[in-house]
Amino acid sequence: MAGDPDLATTEKMALACIRGGADLVELGVHFSDPIADGPEIQAAGQRALRAGTRPRDVLDLAARLRRGSDAPLLLMTYLNPVLAMGLTPFAERAAAAGVDGVIVPDLSLEESPEIRGVLDGAQIDLVQLVAPSTPDGRAAAIGAVSRGFVYVVARYGTTGTRSDLPEGLRSRLQALHHTASLPLAVGFGVSTPDHVRTLATSGADGIVVGSAIVRMAAEEADPEAVEAFVRELASGVRP
Amino acid sequence: MAEVASRGKFGPYGGQFVPETLMPALLELEAAYEDARADPRFEAELDDYNRHYGGRPTPLYFARRLTEACGGARIYLKREDLCHGGAHKFNNVMGQALLARRMGKPRMIAETGAGQHGVAAAMAGAVLGIPTEVYMGSVDVKRQALNVFRMRLLGTQVHAVDGGSQTLKDAINEALRDWVTNVTMTYYCIGSVVGPHPYPTIVRDFQSVIGREIKDQAREQMGRLPDLLVACVGGGSNSMGTFAPFLEDTAVELLGAEAGGEGIETGRHAATLVAGRPGVLHGARSYLLQDEDGQIADTFSVSAGLDYPGVGPQLAYLKDTKRASFTAVTDAQALEAFHTLATLEGILPALESAHAVFAAMQRAREMDRDQVVVATLSGRGDKDVQTVARSMGVEL
Ligand SMILES: Cc1ncc(COP(=O)(O)O)c(C=O)c1O
């Protein structure tokens with residue numbers, strides 16, 4: 001979460017993730033009312049908000065990270081901060097910062113065409129999500145318009161660390177591979193190297209670990225610990 | 001592809017801005033609602049509950065002494081305070097709970113601000129045998145303690161929400177998180193004309209019984225339609241219910257009273273349409289109170305039920321098209337109207353409703369004696385007696 005507790009720390013943590021073997025970094029742009037997020041990311045967003053972090057500061061941070069690394073950078077935020085900046089200014093600034101993609105969990109397929117059009121114009125990927133509740137036909141429609149990859153929401157519920165993976169993910173991923181030609185990245189509750197290992201052999205092309213790292217970054221505030229944790233996670237994908 | 005069209009728009013407002021997990025549930029709800037609307041038995045059953053359980057129709061009462069005190073237009077009160085549970089919230093909840101049962105959902109959740117919607121949901125859950133849980137901001141749990149206990153007596157579990165500003169907006173956040181987690185088995189009974197499509201439409205339709213009755217009663221009692229309708233606006237359900245049947249009657253003016261809190265100029269208020277700008281919150285595009293970066297603002301109002309930084313998308317559209325206008329009534333003005341109504345008419349109004357009463361009195365003074373103002377008295381004031389006592393420096 002960018003700006004939790006401050007942007008300098010986030011920069012160190014993001015670099016630690018990349019050193020640890022992350023293929024891609026997601027920067028959270030906080031929103032006051034994150035309905036898709038569980039306790040860890042809610043709390044991190046509140047801290048970022050209290051610290052006075054602004055979305056434009058996060059774009060500056062992205063630009064700094066981009067200068068030091070080639071790892072793809074994604075922003076994860078809600079629609080309202082994007083609308084408040086203005087769709088086109090947001091797309092232009094994000095492109096100038098070197099942002100590769102954007103994930104907006106409260107942007108449904110139905111409401112996505114306008115923003116996708118603007119982001120396409122700036123060559124930024126708008127990543128769409130599929131959920132456990134998404135019927136096959138709808139998943140195909142989502143797969144057809146998503147950019148970069150399809151974000152597979154692993155479970156019913158919000159983000160947040162969990163001790164187990166939901167059942168049936170392997171068959172869901174198989175079915176999704178039939179309908180979507182893009183890579184599939186799985187997230188929401190993926191928390192441990194064990195989870196990562198299981199997913200890597202279940203058909204996931206990418207694995208998103210959010211809350212577990214956010215929590216670690218906040219509680220230990222130690223880039224080396226985060227780097228070691230990410231290395232352990234990554235070893236599940238590349239043994 | 002028809003399936004992916006943007007739905008439920010009022011001009012640029014409304015829509016379905018929710019996590020994908022909820023989209024199939026919204027599509028299911030929309031289909032179930034259309035099916036229910038086409039079924040005369042659904043209508044008949046709701047009507048039966050409205051009459052024999054809810055106490056409808058509620059009276060349209062000529063407030064003689066209030067009218068004399070203002071010296072202008074005749075003021076009538078639509079007595080939703082006499083509805084079962086003490087507020088208009090019953091109208092919506094009964095309809096949605098019947099829909100939940102029809103959809104075979106074994107569990108119902110709701111959010112609440114003042115606690116009136118929570119109490120109504122608890123009643124409907126009890127009478128239809130649907131286990132119900134209610135989310136409520138912890139600030140509201142304190143200031144509406146009476147309603148929290150009423151819910152418990154009705155067999156409903158109340159979850160205090162500690163996140164954010166600990167008021168209605170945060171209760172909705174938490175209800176949405178519950179729904180995302182338990183969506184297949186759970187009906188989310190939202191309490192106002194807010195949220196993603198189809199909720200603003202469903203809630204408006206169920207609340208429109210208010211305006212339909214006003215229309216019939218006005219014709220019967222005065223042989224004409226009112227000149228002005230006034231209702232308070234939190235999320236906007238009692239106002240939309242009042243206004244909707246009159247949208248085509250353009251000679252009838254529509255006025256919404258928002259919570260001016262300590263005054264618009266102080267920034268401590270909840271007057272979303274008066275002072276906000278468009279954005280997306282809780283599944284819909286509408287006016288919002290927010291900062292420059294799109295972070296939702298904290299709101300302030302003496303009335304928990306108006307303490308919300310968003311507003312129903314159709315009201316946003318009525319504002320832009322100028323079919324309705326909106327004014328801010330401060331805490332002090334609402335309290336003044338509360339005392340006026342108590343002493344002149346023997347009615348203790350909800351503090352939310354007192355905002356409408358103040359706006360109605362203010363306008364009536366400037367109107368002719370042969371004109372008619374109808375103010376919707378959305379609820380009764382028992383729940384607010386503690387708050388009013390405190391404002392007078394009285395410890396109960
Ligand atoms: C008595 C009463 N009036 C009005 C409101 C505001 O809601 P709405 O604007 O949806 O009618 C509430 C909400 O709790 C209420 O309890």
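Across the interface of chain A and chain B in this predicted model, the rule finds 6 salt bridges. One of them joins D33(A) to K169(B), with the closest N and O atoms 2.7 Å apart.

**Interface of chain A and chain B**

- Helix 2 (39-50), helix 3 (55-68), helix 4 (79-85), strand 5 (129-130) and helix 7 (136-145) of chain A each supply at least two residues of the side that touches chain B.
- Helix 4 of chain A gives the largest share of that side, 5 residues.
- By residue class, the side of chain A that touches chain B divides into 22 nonpolar, 10 polar and 8 charged residues.
- In terms of contact, 40 residues of chain A meet 39 residues of chain B.
- The size of an interface is often given as the accessible area lost when the parts come together.
- For chain A and chain B the buried area is about 3100 Å², and carbon and sulfur atoms give 52% of this area.
- Within chain A, the residues that lose the most area to chain B are I35(A), E110(A) and E111(A), which together make up 22% of what that side buries.

**Aromatic pairs**

- Over all chains, the count comes to 11 aromatic pairs.
- Y151(A) and F188(A) form an edge-to-face pair, at 6.0 Å centre to centre and with 90° between the planes.
- This pair links distant parts of chain A: Y151(A) is in strand 6 (residues 150-153), whereas F188(A) is in the loop between strand 7 (184-187) and helix 9 (193-200), 37 residues apart.
- Y151(A) has a relative accessible area of 2% and is therefore buried.
- F188(A), with a relative accessible area of 6%, is buried.
- In chain B, the ring centres of F62(B) and Y76(B) are 5.1 Å apart and the planes stand at 40°, so this pair is tilted.
- F62(B) counts as partly exposed because its relative accessibility is 21%, and the cut-off for buried is under 20%.
- Y76(B), in contrast, is buried, with a relative accessible area of 5%.
- One aromatic cluster is formed by Y33(B), F42(B) and F206(B).

- E40(A) belongs to helix 2 of chain A.
- With a relative accessibility of 13%, E40(A) counts as buried.
- The side chain of E40(A) makes a polar contact of 2.6 Å with the side chain of T161(A).
- Leaving aside residues up to four places away in sequence, E40(A) touches G160(A), T161(A), S211(A), V214(A) and R215(A).
- S211(A) and V214(A) are among the buried residues of helix 10 (residues 211-219) of chain A, along with A212(A), I213(A), M216(A) and A217(A).
- These buried residues of helix 10 pack against helix 1 (7-20), helix 2 and helix 11 (223-235) of chain A.
- Just after helix 10 of chain A, A221(A) takes a positive phi of about 45°.

**Cis peptide bonds**

- In chain A, the peptide bond from D4(A) to P5(A) is cis, with omega near -5°.
- P5(A) lies in the segment before helix 1 of chain A.
- In chain B, the peptide bond from R56(B) to P57(B) is cis, with omega near -5°.
- P57(B) sits in the loop between helix 2 (40-52) and strand 3 of chain B.

**Positive phi in loops of chain B**

- Q166(B) is not a glycine, yet has a positive phi of about 60°.
- The loop that holds Q166(B) runs between strand 7 (157-161) and helix 8 (168-182) of chain B.
- Q166(B) is partly exposed, with a relative accessible area of 23%.
- K322(B), also not a glycine, has a positive phi of about 65°.
- K322(B) is placed in the loop between helix 13 (313-320) and strand 13 (324-330) of chain B.
- The relative accessible area of K322(B) is 72%, so this residue is exposed.

Methods
Residues are numbered from 1 along each chain as its sequence is written. Chains are lettered from A and ligands numbered from 1 in the order in which they are written. This is a predicted model: local features need pLDDT of at least 70, side-chain atom pairs count only at pLDDT 80 or more; totals for chains, interfaces and linings use all residues. Side-chain values use heavy atoms; hydrogens and water are left out. Contact means heavy atoms within 4.5 Å. Buried area is the accessible area (1.4 Å probe) that two parts lose on being put together, summed over both. A salt bridge is a side-chain nitrogen of Lys or Arg within 4 Å of a carboxyl oxygen of Asp or Glu. Helices (H or I, at least four residues) and strands (E, at least two) are DSSP runs, numbered from the N terminus. Ala, Val, Leu, Ile, Met, Phe, Trp, Tyr, Cys and Pro count as nonpolar, Asp, Glu, Lys and Arg as charged, and the others, Gly among them, as polar. Rings of Phe, Tyr and Trp (its six-membered ring) pair if their centres lie within 6.5 Å; planes under 30 degrees apart count as stacked, over 60 as edge-to-face and the rest as tilted. Buried means under 20% relative accessible area, exposed over 50%, partly exposed in between (1.4 Å probe, protein chains only). A polar contact is a pair of N or O atoms within 3.5 Å; within protein, one must be able to donate a hydrogen and the other to accept it, and residues adjacent in sequence count only if both atoms are side-chain atoms.
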